[in-house]
Amino acid sequence: MNGERTRLACGADLHELAGQVFEGAAPADAAHQRSCPHCQAALRRIRAVADDVQGLATEPVAVPPGLLRSVISRLRSVPALVTVDVRTRGATMVADDVIAEVSKRAALSVEDVGYAAVVTSEQTPTGMVGLRVRLVVAYGPALHAVADGVRTAIAQDVAALTGATLRSVDVTIDDLA
Amino acid sequence: MVIEASDAVLVAAARDGDLGAFESLVRRHQAAVYRVALRMLGSEADAEDVAQETFVQAWRSLARFRGHSAFGTWLYRIVTNRALNTLAARRETASLDHDAIGALDDPNETLERRERLRAVTEGLLMLASEQRALLVLRELEGMTYAQIAEVLAIPPSAVKGRMHRARLALVTTVGGRS
């Protein structure tokens with residue numbers, strides 16, 4: 001069975017035999033194959049390799065434990081800072097990631113919201129923040145009511161926990177669950 | 001209420017710049033990406049590098065991902081190309097990292113089975129790069145011919161013939177060594 005020759009002495013095509021084993025294709029000539037020692041020997045060898053390939057396919061591969069952390073740390077840039085409070089003794093700054101996280105948790109606290117992703121879309125020098133919110137919502141309730149509930153929850157929590165003032169909260173409902 | 005966001009939802013959020021959404025995508029797809037890299041390269045260290053670069057490239061290219069194919073297929077394309085580039089850059093044949101065989105410390109695994117898996121892994125690593133990619137994607141990852149054509153950027157009509165040749169090459173390589 002060298003690399004150049006693809007036909008056995010009996011004339012059977014090795015490509016077809018390999019396809020038969022790997023793909024479960026029907027034999028081109030079943031009667032010939034049953035009685036042909038060349039075909040039987042070739043099929044045995046192909047089956048043995050195919051079985052081992054199948055064994056390799058089901059072999060568990062452990063993902064390196066640090067892969068996820070390495071990827072995310074490479075992608076995490078220095079967070080933008082939002083000025084939320086300026087007083088005589090100094091300014092208080094909050095990273096926009098923090099505002100996004102507070103908003104995300106607020107959105108998830110609203111009934112019927114199953115998934116929320118939040119990013120800051122704009123920040124003004126006066127400490128106002130725009131947010132873009134994406135949601136997956138349970139099928140059933142009026143979507144505008146859910147979106148309003150999310151806006152209210154976010155506005156309350158962001159104001160209470162960070163002191164930032166929201167300029168806009170754009171809500172997109174991406175999917176229903 | 002526990003809801004698993006679909007890839008499409010997470011991709012849309014990630015394109016907005018939500019790193020948390022992208023982190024969920026990495027968590028979901030890292031096993032497949034790492035597996036393909038490992039089977040293509042035969043080295044855990046190289047596979048981890050390629051997997052990491054794959055996700056960094058995916059993040060940076062998200063704006064160009066139009067969703068014509070599944071996100072997972074798109075990742076397969078990136079990781080396969082990166083693995084092929086790594087192979088092309090190697091001057092010598094890859095030295096087999098024995099840990100690439102899998103859970104070799106499993107006491108229930110028979111020595112014979114380990115040796116057979118080692119032989120087929122070594123056989124794969126001796127094939128030409130494209131043949132290796134074809135077999136990894138089809139036989140180990142279970143992709144369709146149409147998906148493989150997309151991943152390798154070759155005409156769908158060419159996949160079947162090249163797959164036949166790749167399988168025969170593997171049978172010849174493994175058969176000749178055992």
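A:Glu59 is buried, its relative accessible area being 5%. The model discussed here is predicted, and every value in this report was computed from it. The salt-bridge partner of A:Glu59 is B:Arg113, with 2.8 Å between the closest N and O atoms. B:Arg113 lies in helix 5 of chain B, while A:Glu59 lies in the loop between helix 3 and helix 4 (67-75) of chain A, so this pair joins two chains. In contrast to the buried A:Glu59, B:Arg113 is partly exposed, because its relative accessible area of 32% falls between the limits of 20% and 50%.

### Architecture of chain B

Chain B has eight helices and zero strands. Along the sequence, the pattern of chain B reads α-α-α-α-α-α-α-α. Of the 178 residues in chain B, 53% are buried. When contacts in chain B between residues at least 6 apart in sequence are considered, 64% of them join residues at least 24 apart.

### The interface between the chains

Between chain B and chain A, 10 residue pairs are in polar contact, with both residues at pLDDT 80 or more.

### Salt bridges

Over all chains, the structure holds 17 salt bridges, and seven salt bridges are counted between chain B and chain A.

| Residue | Partner | N to O separation |
|---|---|---|
| B:Arg113 | A:Glu59 | 2.8 Å |
| A:Asp52 | B:Arg116 | 2.9 Å |
| A:Arg151 | A:Asp148 | 3.3 Å |
| B:Glu23 | B:Arg27 | 3.4 Å |

The pair A:Arg151 and A:Asp148 is set within one helix: both residues belong to helix 6 (residues 143-161) of chain A and are three residues apart, about one turn of the helix. A:Arg151 is partly exposed at a relative accessible area of 32%, and A:Asp148 is likewise partly exposed at 42%.

In chain B, B:Glu23 and B:Arg27 both lie in helix 2, four residues apart, again about one turn of the helix. B:Glu23 counts as partly exposed, with 23% relative accessibility. B:Arg27 is also partly exposed, with a relative accessible area of 46%.

Beyond individual pairs, a network of salt bridges links A:Glu23, B:Arg138, B:Glu139 and B:Arg167.

### Aromatic pairs

Four aromatic pairs are found over all chains in a search of the whole structure. In one of them, the ring centres of B:Phe65 and B:Phe71 are 5.8 Å apart and the ring planes stand at 75 degrees, so the pair is edge-to-face. Are these two residues buried or exposed? B:Phe65 counts as buried at 7% relative accessibility, and B:Phe71 counts as buried at 4%. Ring pairs also bring in B:Trp74, linking B:Phe65, B:Phe71 and B:Trp74 into a cluster.

### A position in helix 3 of chain A

A:Ala41 is found in helix 3 (residues 37-57) of chain A. With 31% relative accessibility, A:Ala41 counts as partly exposed. A:Pro27 is 14 residues from A:Ala41 along the chain, and the C-alpha atoms of the two residues are separated by 15 Å.

Notes
Residues numbered from 1 in each chain as written. Chains lettered and ligands numbered in written order. Predicted model: local features only at pLDDT ≥ 70, side-chain atom pairs only at ≥ 80, totals over all residues. Heavy atoms only, no water. Phe/Tyr/Trp six-rings, centres within 6.5 Å; stacked < 30°, edge-to-face > 60°. Buried < 20%, exposed > 50% of the residue type's maximum accessible area, 1.4 Å probe, protein only. Salt bridge = Lys/Arg side-chain N within 4 Å of Asp/Glu carboxyl O. Polar contact = N/O pair within 3.5 Å; in protein donor to acceptor, adjacent residues only side chain to side chain. Contact = heavy atoms within 4.5 Å.
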